[in-house]
Amino acid sequence: MFRPALDFRRLYAAFNEPVTEIDCGQKCAPLNPNRQPVCCDICLAVPCAYDQEWQYLQANSDLWHLWLESDCYTSNTHKQELSAEISNYQVLLACQGAAKCQRDYRAISCRQFPFFPYITADFRSIGLTYYWHYEPTCWVISHLEQVSPLFRQEFVSYFDHLFDYWPDELESYARLSETMRNEFVNRRQRIPILHRNGSDYLLSPGSERMWRMNPSNYRKLGGYK
């Protein structure tokens with residue numbers, strides 16, 4: 001499939017705001033057995049990059065290399081399983097670690113973590129929700145009130161641009177959103193949405209009806225209860 005070229009230098013510059021004003025990595029690292037921020041621990045959250053993005057990173061930074069099982073301190077993660085979760089135009093990556101991070105060359109998967117764009121059943125991109133697999137370990141998921149408004153704006157703008165150029169990415173996130181709805185139906189829980197209009201909601205995974213919420217009151221999870 002032909003995919004129009006994206007200018008990742010410009011996209012990185014426009015999507016560069018940290019998730020929170022504080023260093024949230026200092027909040028989660030003490031609870032991580034590896035003592036690293038969850039988003040920087042490639043045994044917990046393996047980054048991926050689009051092929052075009054990987055070409056840009058290779059040409060401009062020595063931060064990254066293709067992910068290997070030997071990069072991980074545990075044997076529980078297998079490259080074959082991880083590769084099945086990404087598209088054929090993406091690659092798995094590993095970096096030199098949080099202490100050597102080159103922030104200007106963070107991959108998009110790092111910049112958006114722990115969030116992804118929520119796509120409704122009728123294919124509308126309405127805002128941010130989180131990768132629910134990281135509920136027990138990611139501090140931000142238990143403190144949604146700390147998410148920066150500017151981060152939210154840059155997140156929405158980036159994905160609007162991406163979906164305009166690569167519509168199949170909208171379909172990919174629509175499938176992920178559907179999986180989340182099924183998961184939360186089974187849990188009998190509502191999905192938190194940081195809406196593109198700046199407000200915050202709980203969404204029914206069955207009907208997709210939304211109720212306003214105060215993110216400070218969202219449930220605390222994992223070690224943050």
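This is a predicted model: local features need pLDDT of at least 70, side-chain atom pairs count only at pLDDT 80 or more; totals for chains, interfaces and linings use all residues.
How many aromatic pairs does the structure hold? There are 20 aromatic pairs in it.

**Stop 1: Phe8 and Tyr12**

Select Phe8 and Tyr12. Their ring centres are 6.1 Å apart and their planes stand at 75°, so this is an edge-to-face pair. Both residues belong to helix 1 (residues 8–14); because they are four residues apart there, about one helical turn separates them. Phe8 is buried, with 2% relative accessibility. Tyr12 is also buried, at 2% relative accessibility.

**Stop 2: Tyr56 and Tyr105**

Next, select Tyr56 and Tyr105. The ring centres lie 6.2 Å apart with the planes at 40°, so the pair is tilted. Tyr56 counts as buried, at 14% relative accessibility, because the limit for buried is under 20%.

**Stop 3**

Now select Phe15, Phe115, Phe116, Tyr131, Trp132, Phe151, Phe155, Tyr158, Phe159, Phe163 and Tyr173. Ring pairs link these residues into a cluster.

Two arginines lie over aromatic rings elsewhere on the tour. Arg187 is over the face of Phe184, 4.4 Å from the ring centre. Arg190 is over the face of Trp211, and here the distance to the ring centre is 3.8 Å.

**Stop 4: the core**

Return to Phe8. Which residues does Phe8 contact, leaving aside its neighbours within four places in sequence? They are Tyr50, Gln52, Glu53, Tyr56, Ile108 and Trp166. The largest nonpolar core has 62 residues, and the members that touch the most others are Phe8, Leu57, Phe115 and Tyr130. Select helix 6 (residues 149–165) to see the element that gives the most to this core, with seven residues. Another core, of eight residues, lies apart from it; Val46, Cys48, Trp67 and Ala94 are among them.

**Stop 5**

In strand 3, Ala94 is the bridge partner of His65. Strand 2 and strand 3 pair in the antiparallel sense over three bridges. Strands of a sheet pair through backbone hydrogen bonds. Show the three strands together: they form an open sheet in the order 1-3-2, with antiparallel pairing. Strand 1 (48–50) and strand 2 (64–66) are the edge strands, each pairing on one side only. From one strand to the next, the twist averages 50°.

**Stop 6**

Finish by selecting Ile193, in strand 6. Is Ile193 buried or exposed? Ile193 is buried, at 0% relative accessibility. Not counting residues up to four places away in sequence, Ile193 touches Tyr118, Ile126, Leu128, Thr129, Ser199, Asp200, Tyr201 and Leu203. Ile193 and Trp211 are 18 residues apart along the chain, and their C-alpha atoms are separated by 9.8 Å.

From Ile193, move to its contact Ser199. Ser199 is in the loop between strand 6 (191–195) and strand 7 (200–203). Its relative accessible area is 15%, so Ser199 is buried. Beyond residues up to four places away in sequence, Ser199 touches Arg152, Ile193, Leu194 and Arg212.

Technical notes: Residues are numbered from 1 along each chain as its sequence is written. Side-chain values use heavy atoms; hydrogens and water are left out. Helices (H or I, at least four residues) and strands (E, at least two) are DSSP runs, numbered from the N terminus. Buried means under 20% relative accessible area, exposed over 50%, partly exposed in between (1.4 Å probe, protein chains only). Contact means heavy atoms within 4.5 Å. Rings of Phe, Tyr and Trp (its six-membered ring) pair if their centres lie within 6.5 Å; planes under 30 degrees apart count as stacked, over 60 as edge-to-face and the rest as tilted. A charge sits over a ring if NZ of Lys or CZ of Arg is within 6 Å of the ring centre and within 35 degrees of the ring normal. Two strands pair if DSSP finds at least two bridges between them. Axes are lines fitted to C-alpha atoms, for helices over the stretch in contact, and angles run from 0 to 180 degrees between N-to-C directions. A nonpolar core is a set of buried Ala, Val, Leu, Ile, Met, Phe, Trp, Tyr and Cys residues joined through side-chain atoms within 4.5 Å.
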